[in-house]
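Here is a friendly briefing to read alongside the structure. Have a look at the sequence and the coordinates, then walk through the topics below.

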Amino acid sequence: MSKLLRADFIRLFKSRIFWLGLIFMVGLAGVAMWTNWKDSHDFPDYYNPPDGLLFVGAAYIGIVIAVVLGIFIGTDYSHGTIRNKISVGHSRMKMYFSNLIVCTAASLIMHIAFMIVIIGASVTGIAKKFDMTTGNVAALIFTSIFTVAALSSIFILVCMLISSRSAGVVTTIILSLALIMSANNIYYRLLEKEYTEPYSLTLMTESGEEIEITQESVKNPKYLTGTKRKVYQFLADILPNNQIMQLSNGASGKGMGDDGEMPDHTALFPLYSLGLIAVTTAAGILIFRRKDLK
């Protein structure tokens with residue numbers, strides 16, 4: 001196992017696509033902080049803390065991971081490396097775990113690099129200070145690490161089961177986009193209010209007569225109830241992209257409670273992520289052990 005890990009880490013750090021992914025995430029953080037700095041100078045009376053920017057990278061990293069892992073693992077298939085590993089005595093389980101560890105490490109390196117740029121800009125005074133306490137920042141970073149690891153485990157499962165590098169990359173990109181779109185749908189469905197807001201509107205006719213239109217509060221047909229709401233909430237808490245949305249909105253203050261703290265259920269996100277990693281890894285190993293590698 002140690003030889004597999006050593007070889008895979010060496011291959012990772014020689015991989016151009018990994019370094020391109022890392023440069024992209026660092027560059028994205030730089031652009032985000034430059035925009036924040038410019039806004040603070042253009043509108044000096046408007047306090048614009050970088051809290052909401054801390055996890056902007058996590059919203060984009062899914063697509064970056066999809067490309068990096070798709071090419072990295074797909075190269076093993078296209079070059080026949082996987083069959084060579086089996087021929088020299090490496091078990092399929094060890095091969096899967098090696099890719100899981102190395103690819104998760106690659107994803108976390110890119111994710112952490114983004115956050116280091118944001119935090120560094122705030123600490124050095126390039127950007128304004130965080131509104132969040134140091135404890136909240138540390139807790140969110142800790143939680144996001146598990147979230148990104150869970151997202152990686154999903155893509156690793158897909159990549160390990162698709163022998164074609166191009167097909168693997170396309171599939172993971174489509175999956176990444178699907179997770180983003182479903183996250184938006186789930187999140188905003190849960191935000192729907194049980195009743196619509198009443199309103200009053202005054203219109204002026206051509207004759208100059210005023211007509212007042214009023215609408216009382218009514219039951220919102222889009223409001224989720226019962227089992228359906230529980231299912232949506234479960235998906236919102238366990239799927240990585242939904243966790244990212246909740247963490248991002250919490251960091252920007254939109255998801256904070258009345259006391260300014262993150263909602264209590266977000267503390268369970270690392271456990272949900274670990275559970276998702278366990279399920280995807282177990283499923284991946286079971287299927288990969290039966291996969292025809294000819």
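pLDDT is the predictor's confidence in each residue, on a scale from 0 to 100. Residues are numbered from 1 along each chain as its sequence is written, and side-chain values use heavy atoms, with hydrogens and water left out.

**Confidence**

- The mean pLDDT of the protein is 82, with 87% of its residues at 70 or more.
- Helices (H or I, at least four residues) and strands (E, at least two) are DSSP runs, numbered from the N terminus.
- Confidence is highest in helix H10 (residues 269–290), at a mean of 93, and lowest in strand S1 (residues 199–204), at 66.
- Over residues 252–260 pLDDT stays under 50. Contact means heavy atoms within 4.5 Å, and for this stretch the model has ten contacts beyond four places in sequence.
- Where pLDDT is low, the predicted coordinates should not be read in detail.

**Overall architecture**

- The protein has ten helices and two strands, which follow the pattern α-α-α-α-α-α-α-β-β-α-α-α along the sequence.
- Buried means under 20% relative accessible area, exposed over 50%, and partly exposed in between (1.4 Å probe, protein chains only). Of the 294 residues in the protein, 43% are buried.
- Among contacts between residues at least 6 apart in sequence, 79% join residues at least 24 apart.

**The cavity**

- Rolling a probe the size of a water molecule over the atoms shows where empty space is left.
- On a 1 Å grid over the protein atoms alone, a cavity is a set of points where a 1.4 Å probe fits but cannot get out, and lining residues have an atom within 4 Å of a point. Grid points are joined across faces, edges and corners, and a volume is the space filled by probe spheres set on the points.
- How many cavities of 30 Å³ or more does a search of the whole structure find? The search finds one, and the largest cavity has a volume of about 30 Å³.
- The largest cavity is lined by Phe 55, Ala 58, Ser 144, Thr 147, Val 148, Ile 244, Leu 247 and Ser 248.
- Helix H6 (134–161) and helix H9 (240–251) each supply at least two residues of that lining.
- The lining of the largest cavity then divides into five nonpolar, three polar and no charged residues.

**Aromatic pairs**

- Rings of Phe, Tyr and Trp (its six-membered ring) pair if their centres lie within 6.5 Å; planes under 30 degrees apart count as stacked, over 60 as edge-to-face and the rest as tilted. By this rule there are seven aromatic pairs.
- Phe 13 and Phe 18 have ring centres 5.9 Å apart and planes at 75°, so the pair is edge-to-face. Phe 13 is partly exposed, at 40% relative accessible area, whereas Phe 18 is buried, at 1%.
- Phe 142 and Phe 146 also form an edge-to-face pair, because their centres are 4.9 Å apart and their planes lie at 65°. These residues are four apart in helix H6, so about one helical turn separates them. Phe 142 is partly exposed, with 49% relative accessibility.
- Ring pairs link Phe 9, Phe 13, Phe 18 and Trp 19 into a cluster.

**Individual residues**

- Ser 152 sits in helix H6 and is buried at 0% relative accessibility. Leaving out residues up to four places away in sequence, Ser 152 touches Ile 65, Leu 69, Thr 104 and Ser 107.
- Asn 220 lies in the loop between strand S2 (210–215) and helix H8 (226–238), where Asn 220 is buried, with a relative accessible area of 10%. Beyond four places in sequence, the residues touched by Asn 220 include Glu 192 and Tyr 195.
- Leu 293 is in the segment after H10 and is buried, with a relative accessible area of 10%. The C-alpha atoms of Leu 293 and Ile 82 are separated by 8.1 Å, though the two are 211 residues apart along the chain.
- Ala 282 belongs to helix H10 and is partly exposed, with a relative accessible area of 40%.

Notes: This is a predicted model: local features need pLDDT of at least 70, side-chain atom pairs count only at pLDDT 80 or more; totals for chains, interfaces and linings use all residues. On a 1 Å grid over the protein atoms alone, a cavity is a set of points where a 1.4 Å probe fits but cannot get out, and a pocket is an open set with protein on both sides within 12 Å along at least five of seven lines; lining residues have an atom within 4 Å of a point. Ala, Val, Leu, Ile, Met, Phe, Trp, Tyr, Cys and Pro count as nonpolar, Asp, Glu, Lys and Arg as charged, and the others, Gly among them, as polar.
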